[in-house]
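Visitor: I'm new to this one. Could you pick a single part, take a close look at it with me, and then show me how the rest connects?

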Amino acid sequence: MTEIEAIDGIPLLPEPSQNLLNERQRVDYRHHREGLIRWMLKLGKNPDRAEGYARQTAKRRATNADMFYRWVWQEYNGYTTTVTHEYADEYTRELAYSDLSDTHKSNLQKTLKMLFRWRKWEFGDSEWQPEITFSGQGSASQPRDYFTQEERKRLRDAALEYGSVPHYCSLTPEQRQEWKRHLAQRFRKPMQDIGREEFERANGFKVPSLVWVSLDVGLRPIEVERAKVSWCDYDNAVLRIPANDSAKNHDNWSVSLQSRTAEILQRWTEERRLYDKYGETDRLWLTREGNPYQSTALKYVLGKLTDLAGIETEDRQLSWYAIRHSVGTYMAREEGLAAAQAQLRHHSVRTTMKYDQAPVEDRRDALSRMG
């Protein structure tokens with residue numbers, strides 16, 4: 001097998017992917033690509049009429065699809081050909097904050113739509129409806145919704161109400177003793193005084209730490225998934241994200257935390273030792289099922305938080321990125337673009353400039369002053 005194998009001039013195994021895969025993966029990916037390319041050329045434009053794309057269009061989209069697959073492999077635990085709507089949504093969010101032109105973003109998104117049309121034809125999957133769209137004319141509908149300062153405070157408070165320690169009756173006697181010891185330290189009460197009432201009112205620190213860190217740092221969903229205990233520097237109130245774990249995978253980052261966030265985070269890392277599912281992993285946060293948090297799980301958490309906080313969500317594009325967007329918007333306002341760039345871990349200030357906009361409440365105040 002060589003990189004020059006092609007259908008109508010469209011490479012079956014592009015060199016960048018060939019360099020990432022082992023021999024068995026190359027065989028599988030080549031077969032997968034062959035099915036996609038033949039479908040594009042024969043049926044892709046209008047399957048009902050057996051009308052395919054022009055060769056140049058098919059070649060361009062085959063290149064774009066290969067870029068997407070490689071992004072999936074690098075962001076989500078290695079090689080697969082089973083791409084999902086979640087991957088496409090996450091990729092689109094990354095595009096929205098990238099320095100690419102709107103035309104290029106639009107073309108990449110058209111490729112993803114086409115890819116899922118093929119998956120529907122070939123595998124019976126459903127077509128993909130993106131959360132964010134790009135016009136290709138310089139006016140992409142980027143996710144400009146973000147949480148206001150008041151909503152950020154309410155989210156922080158709501159996180160303290162979210163979730164609880166295991167139910168008293170669900171624990172074995174040995175486990176109950178461990179939890180009693182933990183709650184005795186937290187409530188500063190004798191261990192013999194810890195009973196059902198303390199279990200009922202004791203909230204765990206997992207969700208508060210996850211939400212508070214995200215509110216300070218603007219964690220991307222992929223960074224929530226990758227977060228490790230080793231990132232945490234409580235004494236200096238910073239999160240140290242090494243290059244290998246950074247979403248952009250170029251630099252080591254040290255980002256600031258509020259001192260109260262650092263305390264909540266430290267309390268969580270002490271508490272997480274009590275859970276068996278964390279026994280052999282350095283992952284900072286795992287779902288109830290023991291999996292790393294991804295976009296779907298984070299969307300569920302955010303929905304619960306906005307309900308608890310009484311935050312209006314109708315007609316708003318609110319995802320985990322809305323937290324990140326709020327960090328960029330208010331950090332740019334308070335400390336300028338350089339501070340926002342460092343806190344959001346942007347390599348180019350051009351990316352950060354998208355957050356350099358006056359929040360709506362500031363503009364309202366300005367109107368009042370203008371008379």
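Guide: Let's start at Glu263, which is partly exposed because its relative accessible area is 46% (buried means under 20%, exposed over 50%, and partly exposed in between, using a 1.4 Å probe and protein chains only). Before going on: this is a predicted model, where local features need pLDDT of at least 70 and side-chain atom pairs count only at pLDDT 80 or more, while totals for chains, interfaces and linings use all residues. Residues are numbered from 1 along each chain as its sequence is written, and side-chain values use heavy atoms, with hydrogens and water left out.

Back to Glu263: its partner is Arg267, with the closest N and O atoms 3.6 Å apart in a salt bridge (a side-chain nitrogen of Lys or Arg within 4 Å of a carboxyl oxygen of Asp or Glu). Both sit in helix 11 (residues 259-271), four residues apart, or about one turn of the helix. Helices here are DSSP runs of H or I with at least four residues, strands are runs of E with at least two, and both are numbered from the N terminus. Arg267 is partly exposed too, at 27% relative accessible area.

Elsewhere, shared partners in salt bridges tie Glu5, Arg30, Glu34 and Arg38 into one network. By the same rule, the count comes to 17 salt bridges. One of them joins Glu5 to Arg30, with the closest N and O atoms 3.2 Å apart. That pair links distant parts of the chain: Glu5 is in the segment before strand 1 (6-7) and Arg30 is in helix 2, 25 residues apart. Glu5 counts as partly exposed at 27% relative accessibility, and Arg30 is partly exposed at 21%.

Now for a contrast. Glu223 and Arg220 also meet in a salt bridge, at 2.9 Å from N to O, but Glu223 is buried with a relative accessible area of 0%, and Arg220 counts as buried at 3%.

What about a buried Arg with no salt bridge? Arg33, in helix 2 (residues 23-42), is one: the nearest side chain of opposite charge, Asp66, is 4.6 Å away (Lys and Arg count as positive, Asp and Glu as negative; His and the chain ends are not counted). Leaving aside neighbours within four places in sequence, Arg33 is in contact with Pro11, Leu12, Pro14, Ala62 and Asp66, where contact means heavy atoms within 4.5 Å.

Arg196 lies in helix 8 (residues 196-201) and counts as partly exposed at 48% relative accessibility. Not counting residues up to four places away in sequence, Arg196 touches Tyr168 and Cys169.

One last stop is helix 12. Ser295, Leu298, Val301, Leu302, Leu305, Thr306 and Ala309 are buried there. Down the axis of helix 12, these buried residues fall within an arc of 135°, so they line one face (the arc is that of the directions from the helix axis to the C-beta atoms). The face turned away from the buried side carries the exposed residues Thr296, Tyr300 and Asp307. After helix 12 comes Gly310, with a positive phi near 65°.
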